[in-house]
Amino acid sequence: MAQRLDAPRPRSIDEVLAALGEIQMDPTSVVARTEHLVLFSRLGRSFRVAQLERRMWTDRAMFEYWAHIVPMSDLPLHRISMRRYPHGHWKRHQYVRDWLAANDAFVRYALRELRRRGPLRTRDLENRAAEGWETGGWNDEGQNAAMLLDILWSQGKVMIVGRDGQQRLWDLASRWLPRVPARAPAAMAADLVERQLRARGIARLDRLGFLFDGALPGRDEAVARLVRRGVIVPVRVESYPGRWHTHRDLLDRSFRGRTVALSPFDDLISDRTRTERLFDMHYRIEIYVPKATRWGYFVLPVLRDDRLVGRIDPVWDRADRVLRINAWQMQPDTDAADRDAVREAIDELGRWLRAERVALPRTLR
């Protein structure tokens with residue numbers, strides 16, 4: 001219920017984002033990008049990518065930050081992260097500060113070009129780095145403009161304002177972001193803690209009130225205040241020892257479930273230990289596992305009501321408009337109705353993709 005995976009479905013992208021607080025993004029699109037799958041899982045086959053793009057790039061009701069989609073109304077929250085980057089205590093922060101100092105002329109060039117010619121793709125900027133980015137990763141190989149834009153994005157000086165295919169379009173944040181009213185710090189902290197608890201269903205108190213880069217100022221006081229008011233309620237989870245809490249609004253709601261396939265990055269299952277404890281499914285994303293030893297590449301678990309009943313390994317053949325299911329697997333102690341639910345989830349995924357055909361393995365026909 002907290003993840004809006006119960007019935008009835010939410011009615012809009014905005015309603016989903018308000019409930020979840022953020023939607024992780026990932027470009028892997030064996031079936032579809034993960035943010036699109038997350039919205040499909042909540043909204044069903046009526047969801048269209050063009051709707052999301054309109055809300056992001058035309059209406060500016062939401063924006064990208066730290067590889068997540070977040071509501072524009074949360075801009076005051078994320079400005080806290082923008083102001084403190086890269087002045088935190090992470091090991092990489094000192095390297096970023098030194099790199100920016102060594103490349104001050106490069107920074108000024110990039111901002112000047114965006115002001116004069118933006119929006120721009122990364123490749124539209126020359127590599128004028130006086131000192132290359134060298135941290136031992138993939139981005140050491142001539143990715144200086146990309147790294148600079150990511151840093152300026154973290155600082156809130158530039159923003160992603162659209163896409164040209166898979167290429168991000170960048171512009172000055174001051175030119176693109178709308179005016180969003182400031183909010184009192186105590187109110188922001190209380191709101192974030194409460195929303196995160198609502199979105200997670202159950203949580204540990206020491207995991208609430210965090211932005212992408214660390215704790216929100218005032219989180220401890222907000223948690224204590226909400227506990228005193230009875231908004232945060234302790235619960236016991238038989239399969240998962242620990243001190244768990246939930247939001248009081250979730251306790252008295254009746255549950256009605258539905259069936260749907262989930263992205264590997266869906267927040268319901270993104271914590272693999274939690275998934276195993278609560279749903280008794282051992283699930284790992286196997287993209288980086290050698291082909292000879294993995295079960296599937298982009299595996300989607302299937303949710304039926306309050307259980308994960310199986311998993312499928314699909315590929316969307318865009319050229320032939322065929323949804324191919326390479327493999328499927330049922331959980332132990334499932335029955336024929338659960339098997340039918342997996343077929344239902346596959347059929348709904350195919351209808352959303354507007355597939356002309358769904359190719360199933362022989363054992364699922």
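The model is predicted, with local features needing pLDDT of at least 70 and side-chain atom pairs counting only at pLDDT 80 or more, while totals for chains, interfaces and linings use all residues. Residues are numbered from 1 along each chain as its sequence is written, and side-chain values use heavy atoms, with hydrogens and water left out.

The second largest pocket has a volume of about 800 Å³. A pocket here is an open set of points on a 1 Å grid over the protein atoms alone, with protein on both sides within 12 Å along at least five of seven lines; a cavity is a set where a 1.4 Å probe fits but cannot get out, and lining residues have an atom within 4 Å of a point. Grid points are joined across faces, edges and corners, and a volume is the space filled by probe spheres set on the points. The lining of this pocket has 30 residues, and E22, Q196, R200, R207 and D267 lie nearest its centre. By class, 13 are nonpolar, 7 polar and 10 charged (nonpolar: Ala, Val, Leu, Ile, Met, Phe, Trp, Tyr, Cys and Pro; charged: Asp, Glu, Lys and Arg; polar: the others, Gly among them).

Helix 1 (13–20), helix 4 (75–84), helix 9 (185–200) and strand 7 (210–211) each supply at least two residues of that lining. Helices (H or I, at least four residues) and strands (E, at least two) are DSSP runs numbered from the N terminus. Helix 9 gives the most to the lining, with 5 residues. Among the buried residues of helix 9 are M188, L192, R195 and Q196, where buried means under 20% relative accessible area, exposed over 50% and partly exposed in between (1.4 Å probe, protein chains only). The buried residues of this helix pack against helix 1, helix 4, strand 7, helix 10 (219–228), strand 9 (232–235) and strand 10 (244–247), contact being heavy atoms within 4.5 Å. Just after helix 9, G201 takes a positive phi of about 80 degrees.

Side chains of opposite charge can pair when their charged atoms come close. The whole structure has 30 salt bridges, each a side-chain nitrogen of Lys or Arg within 4 Å of a carboxyl oxygen of Asp or Glu. One of them joins D6 and R253 (3.1 Å, N to O). D6 lies in the segment before helix 1 and R253 in the loop between strand 10 and strand 11 (259–261), so the pair ties together parts 247 residues apart in sequence. D6 is buried at 4% relative accessible area, whereas R253 is partly exposed at 38%.

E113 and R117 form another salt bridge (2.8 Å, N to O). These two are 4 residues apart in helix 6 (residues 104–117), a separation of about one helical turn.

The largest cavity has a volume of about 50 Å³. Its lining includes Q3, E22, R42 and D267, and divides into 4 nonpolar, 2 polar and 4 charged residues. Strand 1 (23–24) and helix 2 (34–43) each supply at least two residues of this lining.
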